[in-house]
Amino acid sequence: MSEFPKKYEPKKFEDIIYSDWEKSGCFLPFEESKSWKTFYIPMPPPNVTSQLHIGHSAMLALQDIMTRYHRMKGDSTLLLPGTDHASISTQVKVEQKIASEWRDKSQMSREDFLKECWEWNTLYGWKIQNQFRKMGTSCDWSKEKFTMDDDMNNRVIDAFIELHKRGYIYQWEYMVNYDPILKTVVSDQEVIYKEEQWKLYHITYFVSGSDNEVVIATTRPETLLWDVAVAVNPKDKRYKKLLKSWKKLILPIVNKEIPLIADEYVDMEFGTWALKITPAHDANDFELAKRHNLPLNHIVLDKEGKMTSIAGIFAGQDFKTARSNIVELLKSKWNLLKIENHSAKVWYGERTGAKIETIISKQWFLKIDPLVKKVIGGYKAKDFEIIPKRFNKTFEDWIYNLRDWCISRQLQWGQRIPVWYTDSDDIIVAKNEEEAYIQARAKFWDATTLYQDEDVLDTWFSSALWPFSTLWYEIGAEKQSELFTKFYPAQVLETWYDIIFFWVIRMLLFWYEFTGQTPFKTIYLHGLVRDKEGRKMSKSLWNGIDPLDMIEKYGTDALRMTLVIWTTPWNDVKFDEENVKNNMFFINKLWNASRFVACNVEDSQVQNFLLTSALEELKKHKDSLLLHETWILSRLSKIVTLVTDWLENYNFSEVGQELYAFTKNEFCDYYIEEFKLSKESSEYGDMVILVVLYSLLQVWHPYIPYVTEQIHKVMWLEWKCMLSDWPSIDFSSEKDIEKSHDLFVEVVKEIRKIRAETWVPPSKTIKVQIFAKNKNAEILEEFIPLISWMVKSEHTEIISKKLSNQSLVYAVIRSWVEVYIDTANAVDIEWEKQRLHHEILDIRDYVSLLDRKLLNESFVRNAPRNLVQKEQEKKQQARKRLEKLEEKYNSL
């Protein structure tokens, strides 16, 4: 055994340990699994836009816990790392970088811009790799992938071509969301809604050849120039006669006739009960116009928010100017009835903050219906499960309401759509330009120059292929790679619950389509990491946490514990740095406990230790074990079984808390003290404490890999903790002994509490008398030496009658068990009275201060509710403390 340092220093050990793991090939899957099982997690690839945030750290910790656990069980494990090119996000970042350097992106060629993107990827790809390593992630770096690698690109192109062959990909003019800053379409999930105050304009449309009129209400009067109809609800009695007369309406300003139509979509409770239809600028109008075979593509506003040439005298004006001019014109023609304030939801780009325009645009789409039927079939057949189960409802809401997916984006960074056009706009779908020309010549004989589609594929298209494209799956191939055959399907997909639509469902669509089966057996969804107030972390709130800062201050293991253990299972995590600090203290406690064992057990016994052999020896000589040794082995057996069962069922936090309590309270605080006292008299004490420590290091390893590996390295030299076998402690359960020990612990806790409350100095001894009868008396009699040792009692005895001596401090432990403590020689009464008097005065002043604050109407009215509540809680706690101190002072 090498020298055991007095202090655990994460910064000193962590990088060395990780490097050793990696160089030794510890992260590679076993060629032959000991368990004959595989375990594969396709790691969600983070975007190469910037460094990882604290949420990524939680994800990495959870995935690594699962991977390390299954590796120790003997499964051939694969945690496959990589990064995503993130078309929109990366392009935004690179464009911002170019602008900050006073360069003009519009003057750059596509090739030059892509070169900038690749440089960005190199920079942040390396940073992300470093953060993976800092978090202790045991991923197979030899299989690392980037979604824009050549082989990954080829699989994306192959998927597009195959889906196009099957008739699932098509090009069509349709209503889409357009971000005028990005100059690309974006999905509904890439926009945010803001509630804003708008003006609602009530406009009169006169009925042709009649004195009647129909009033519509709109927030966008500038679009009426190309209204194609006005719709009313067929059940609305107010318009029945007008509908039957087939009268037309006069479109204001334009003075042309448009039809009045009936459609149940119109809400009879909103506005004026009539709806103007402008298909080219509203998604609902577009769908309604399609149902009634109305013209769809009269675009009055262009992508930049300016009026188009068909807007007549308003052409070229921005929408605000045009709106103002049109409103004035409507007033002059007596068409404007009134203007009122109106609250409306407005769409903004999630990444740019730009107001989203809804426009008709020719895009590439993927038919969802034929793909989704297979996923629904697999879901109903329970091919895969979702954990936690409450997200089944979310999954169903999405999967049963999917629409065709717009897969094209007007960007430069990403997989370019493999479509070429002839001069006459004929379409050629091919893997590359050479193949496109071969196809064109075969089809058109004298094919002219071809040009490739400028658009790229939606990032989620390539991300949806991630799990099997990383396993070298070849679409349509009869024989697949050995890697794919061995690991497909994945046992678990672990990711955030908020990308169940973006990523999870789309992977299911592709995998069922191409392989005919589920891509993963379990979908484990974890929560978001929020600040300690429960707010989402953001730059605007200045509440973001850099995981590297936490690692620098407290070490990786302390951060991992905080993100996984001290949480409510499957819910959002409230991150508090204080918890990281406390976890660092716990890790030092485990280190010190291990150092104690190493220093108090013969080196030869440590080096020759084998868990299975030691357990067999202890079971053989069970009757020779001391009571507390039997107790700790019984408890160890239960805790290892519990950890194993709960890890199998993906309950990482609650079992971590159980393991924490056992290690800190039962092993460190009690068993080690019992070991010290009984070392000379115990025949098997050294072996027992080695069994407990070794087993704890194994079951803690998935959670806190660095400190467990370092302890293992110091005590067992070349053995690697991460490659050791998962423990199986089949020591028999001893419920009666556990109950006896629980009583002993209760007595010790109560006596320690009394020592603290009566301010007995640690150096002073006390006298203890314990009233107990029958079985309880027998139990506690056996623990008298331990009780005296642990509470620093110079005399401890069991008595059969209750005492009434007023000078003694007493406490009731449970029915028929009471403790009486004589602290007379341990406490200076006069000094204690003086100390209590000063503390009482201080707390009274503090309560008065809080009273003045809470009686201040301005504070209560203007301060945030949670702050006022905290001040009230402080006051209540202070009053309770004051009552206890006054009671204690009076008793003296």
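Mentor: Let us begin with a definition: a salt bridge is a side-chain nitrogen of Lys or Arg within 4 Å of a carboxyl oxygen of Asp or Glu. By this rule, the count in this predicted model comes to 56 salt bridges.

Trainee: What makes the pair of Asp158 and Lys431 a salt bridge?

Mentor: The closest N and O atoms of Asp158 and Lys431 are 3.0 Å apart. The cut-off is 4 Å, so the pair of Asp158 and Lys431 qualifies as a salt bridge.

Trainee: Which parts does this pair tie together?

Mentor: Asp158 belongs to helix H5 (residues 150–165), while Lys431 sits in the loop between strand S19 (427–429) and helix H11 (433–444). The pair therefore ties together parts that are 273 residues apart in sequence.

Trainee: Are Glu190 and Arg409 buried or exposed?

Mentor: Glu190 has a relative accessible area of 5%, which is under 20%, so Glu190 is buried. Arg409 has 2% relative accessibility and therefore counts as buried by that cut-off.

Trainee: What separates Lys619 and Glu616 along helix H20?

Mentor: Lys619 and Glu616 are 3 residues apart in helix H20 (residues 611–620), so about one helical turn separates them. The closest N and O atoms of this pair are 3.5 Å apart, and they form a salt bridge. Lys619 is partly exposed, with a relative accessible area of 28%, and Glu616 is partly exposed, with 48%. Elsewhere, salt bridges that share partners join Lys97, Glu101, Arg103 and Glu116 into one network.

Trainee: Why is Gln91 called buried?

Mentor: Gln91 is found in helix H3 (residues 87–100). Its relative accessibility is 2%, which is under 20%, so Gln91 counts as buried. Leaving aside neighbours within four places in sequence, Gln91 is in contact with Ala86, Lys105, Phe113, Leu411, Gln412 and Trp413.

Trainee: What makes S15 and S22 edge strands?

Mentor: An open sheet is formed by 3 strands in the order S15-S23-S22, with parallel pairing. Strand S15 (385–387) and strand S22 (490–496) each pair on one side only, and they are the edge strands. S15 pairs with strand S23 (residues 520–526) over 3 bridges, and the bridge partner of Ile387 in S23 is Tyr524.

Trainee: How are helices H18 and H23 packed?

Mentor: Helix H18 (residues 577–600) and helix H23 (residues 685–700) pack at an angle of about 145 degrees, with their axes 11 Å apart. The crossing is left-handed. By class, their contact has 8 nonpolar, 2 polar and 1 charged residues.

Terms used
Residues numbered from 1 in each chain as written. Predicted model: local features only at pLDDT ≥ 70, side-chain atom pairs only at ≥ 80, totals over all residues. Heavy atoms only, no water. Pairing = 2+ DSSP bridges. Helix = DSSP H or I, 4+ residues; strand = E, 2+ residues; numbered from the N terminus. Axes fitted to C-alpha atoms, helices over the stretch in contact; angles between N-to-C directions. Left-handed = near helix turned anticlockwise from the far one by under 90°. Nonpolar A, V, L, I, M, F, W, Y, C, P; charged D, E, K, R; others polar. Buried < 20%, exposed > 50% of the residue type's maximum accessible area, 1.4 Å probe, protein only. Contact = heavy atoms within 4.5 Å.
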